[in-house]
2 protein chains.
Amino acid sequence: MIGRKLCEIIARTGRLGESEVDKLTLVDVATPPVFEGSGCEVDYLALDISVPEAAERLATMRADVIFHLAAVVSGEAEKDIEKGYKVNLDGTRNLFEAIRLEGQRKSYFPRMVFTSSVAVYGAPLPDPIPENFILAPTSSYGTQKAICELLLNDYTRRGFFDGVGVRLPTIIIRPGKQNAAASGFFSSILREPLAGQTAVLPVSDDVKHWFASPRSAAGFLLHAAVLDSAKIGLRRNLNMPGVAATVAEEIEALRNAAGDDAVALICREPDQTIEVITSGWPKALDPSRAEALGFKAEHTVDELIKVYLTDDSPKG
Amino acid sequence: MIGRKLCEIIARTGRLGESEVDKLTLVDVATPPVFEGSGCEVDYLALDISVPEAAERLATMRADVIFHLAAVVSGEAEKDIEKGYKVNLDGTRNLFEAIRLEGQRKSYFPRMVFTSSVAVYGAPLPDPIPENFILAPTSSYGTQKAICELLLNDYTRRGFFDGVGVRLPTIIIRPGKQNAAASGFFSSILREPLAGQTAVLPVSDDVKHWFASPRSAAGFLLHAAVLDSAKIGLRRNLNMPGVAATVAEEIEALRNAAGDDAVALICREPDQTIEVITSGWPKALDPSRAEALGFKAEHTVDELIKVYLTDDSPKG
């Protein structure tokens with residue numbers, strides 16, 4: 001979803017920061033959906049980078065900037081341990097290795113933008129989480145992301161590519177249907193009532209978490225693509241800025257945007273499993289390094305709803 | 001070296017904590033050196049766990065306790081990136097996966113004692129490094145160890161085995177010859193002068209680092225084998241206690257033990273590369289979690305020298 005939004009922006013503007021983009025190649029396990037591009041050539045490729053030869057083929061294309069978003073989401077990575085490690089860890093490592101080997105053949109030093117997640121942090125957690133706090137994930141998904149962050153640091157330090165890791169907040173409001181992520185309800189309790197439909201709230205109102213909009217997420221990646229490498233230092237993975245909000249604050253923002261009738265569409269159906277999972281998640285974090293590097297996000301849930309209504313709502 | 005010392009203790013006493021040991025199997029890429037064992041049966045096996053089938057064979061032996069020490073050392077992992085990742089990362093992951101799959105076949109839940117290293121920490125570092133500080137290694141060796149720590153946490157959380165990670169301080173005084181580790185001089189500037197031989201000191205006197213003896217290192221592993229799992233929590237990797245000392249303090253301890261003539265055998269040959277590497281290493285760390293769990297080490301370099309003269313010196 002974020003990848004699609006990012007590609008739409010690049011294809012439309014034909015730019016990454018100051019640079020013109022000649023060609024944008026979309027790569028996914030299935031052939032990605034075709035969309036209009038007016039700013040640059042757009043190409044599509046179906047490749048599964050969890051197969052080393054596929055990652056090699058990608059590297060031989062010698063892109064200047066690579067956005068790596070491919071991932072099995074948290075719920076699925078927890079349910080299917082083999083698939084999660086294969087896609088999230090082996091896929092990323094294959095890609096990194098392929099780039100290293102391509103550079104051995106002929107000098108090659110692309111910018112590698114890697115999407116990580118706040119799931120690299122696990123309970124017990126301070127609120128907010130300071131910069132330089134231990135990555136001790138409490139999910140296999142978070143473990144896989146944390147491992148890829150370490151690889152990104154090492155491959156960058158050794159000069160195989162120029163990596164920037166972007167620890168995305170939980171993205172709300174996600175358009176479309178709920179995915180298998182345990183965090184899905186943070187979006188659906190806003191999205192469904194805004195469309196006049198009921199939504200299930202599986203956790204208590206005081207659950208607090210860290211959010212940004214799809215627009216900001218795409219903006220993070222675009223900014224990470226053009227960031228001055230020298231300013232980042234050896235720790236290449238950055239906590240993105242975001243909005244710290246409780247479920248209660250989400251509900252109040254929904255009330256502001258769509259009234260009591262919309263709020264009445266939220267059905268409380270406590271789910272102990274999801275309550276336990278979310279209780280281990282970050283409530284807020286210190287994004288000062290990323291902010292100093294120019295990354296920007298929303299400041300309130302009201303803004304997050306406004307962005308959704310403008311960019312992503314089917315009514316919009 | 002630590003592995004050998006550990007095995008000698010187990011083979012001699014035939015015990016791990018309160019439990020009797022039936023059988024001890026030593027596994028290494030080459031057939032490990034045979035030694036006397038009186039307390040229990042001792043077996044030898046040449047296996048390379050960076051080959052998945054070899055790791056599977058190990059798992060089918062269904063040991064109650066596994067000590068995993070296999071590693072390509074820091075200097076070598078930096079020089080040969082493929083070998084380092086293959087042995088230190090893939091080897092460990094193969095072993096972990098083989099145990100998970102063996103448990104799928106028939107219930108199996110061994111204690112897995114993994115030796116990590118303070119090299120998981122990288123500059124800039126506070127002195128001392130608090131518990132819960134980010135693992136941001138500045139070497140491929142440290143990266144590989146940090147990744148294995150994450151895997152150990154995840155596999156333990158998911159119930160595939162009962163992992164305990166032991167972040168070893170730099171071990172001094174190592175007996176025998178210098179190995180390829182950049183930290184070798186910390187031992188040799190004591191060991192060689194104690195034997196009346198010259199030693200090269202490649203860094204300045206104010207370089208400070210974190211040490212324990214081989215005896216303590218073996219003691220950490222023995223204690224980790226019998227530790228109550230419930231007391232550890234989800235973060236299974238522990239900073240071991242140690243001695244924080246500068247090179248100057250090492251030299252003074254050498255003077256106490258062997259006089260000015262011994263100190264005069266240290267030749268200062270500054271090496272910018274080693275100076276830079278060691279400047280990124282931990283100076284001291286907070287081992288309070290491990291200490292609360294009963295891990296113990298020396299308190300002074302004088303003690304470290306005494307342990308060497310008793311346990312490991314060729315004269316001893």
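Biologist: Why are H6(B) and H8(B) called roughly parallel to each other?

Modeller: In this predicted model, helix H6 (residues 184-194) of chain B and helix H8 (residues 247-263) of chain B pack at an angle of about 30°. Angles under 35 degrees count as roughly parallel, and H6(B) and H8(B) are therefore described in that way. Their axes lie 10 Å apart, and their crossing is left-handed.

Biologist: Which residues make the contact between H6(B) and H8(B)?

Modeller: From H6(B) come B:Ile189, B:Leu190, B:Pro193 and B:Leu194. H8(B) provides B:Glu250, B:Leu254, B:Ala257, B:Ala258, B:Ala262 and B:Val263. By class, this contact of H6(B) with H8(B) has 9 nonpolar residues, no polar residues and 1 charged residue.

Biologist: Is the crossing of H8(B) and H11(B) left-handed or right-handed, and which residues make the contact?

Modeller: H8(B) passes H11(B) in a right-handed crossing. The contact is made by B:Glu249, B:Glu250, B:Ala253, B:Asn256 and B:Ala257 of H8(B), together with B:Val301, B:Asp302 and B:Ile305 of H11(B). Its residues divide by class into 4 nonpolar, 1 polar and 3 charged.

Biologist: Let us turn to chain A. How do you know whether A:Arg215 is buried or exposed?

Modeller: Around A:Arg215, 20 other C-beta atoms lie within 10 Å. A residue is buried if that count is 20 or more, and A:Arg215 is therefore buried. Its place is in helix H7 (residues 214-226) of chain A.

Biologist: Which residues are in contact with A:Arg215, leaving aside its neighbours within four places in sequence?

Modeller: A:Val307 and A:Asp311 are in contact with A:Arg215 once those neighbours are set aside. As for A:Glu18, 197 residues away along the chain, its C-alpha atom is separated from that of A:Arg215 by 20 Å.

Biologist: How many residues of chain A are in contact with chain B?

Modeller: 18 residues of chain A are in contact with 18 residues of chain B. Helix H5 (residues 140-157) of chain A gives the most to the side of chain A that touches chain B, with 8 residues. By class, the residues of that side are 9 nonpolar, 6 polar and 3 charged.

Note on methods
Residues are numbered from 1 along each chain as its sequence is written. Chains are lettered from A and ligands numbered from 1 in the order in which they are written. This is a predicted model: local features need pLDDT of at least 70, side-chain atom pairs count only at pLDDT 80 or more; totals for chains, interfaces and linings use all residues. Helices (H or I, at least four residues) and strands (E, at least two) are DSSP runs, numbered from the N terminus. A residue is buried if 20 or more other C-beta atoms lie within 10 Å of its own, exposed if 12 or fewer, and partly exposed in between; C-beta atoms are placed from the backbone. Two residues are in contact if their C-beta atoms, placed from the backbone, lie within 7 Å. Ala, Val, Leu, Ile, Met, Phe, Trp, Tyr, Cys and Pro count as nonpolar, Asp, Glu, Lys and Arg as charged, and the others, Gly among them, as polar. Axes are lines fitted to C-alpha atoms, for helices over the stretch in contact, and angles run from 0 to 180 degrees between N-to-C directions. Angles under 35 degrees count as roughly parallel, over 145 as roughly antiparallel, 65 to 115 as roughly perpendicular and the rest as oblique. A crossing is left-handed if the near helix is turned anticlockwise from the far one by less than a right angle, and right-handed if clockwise.
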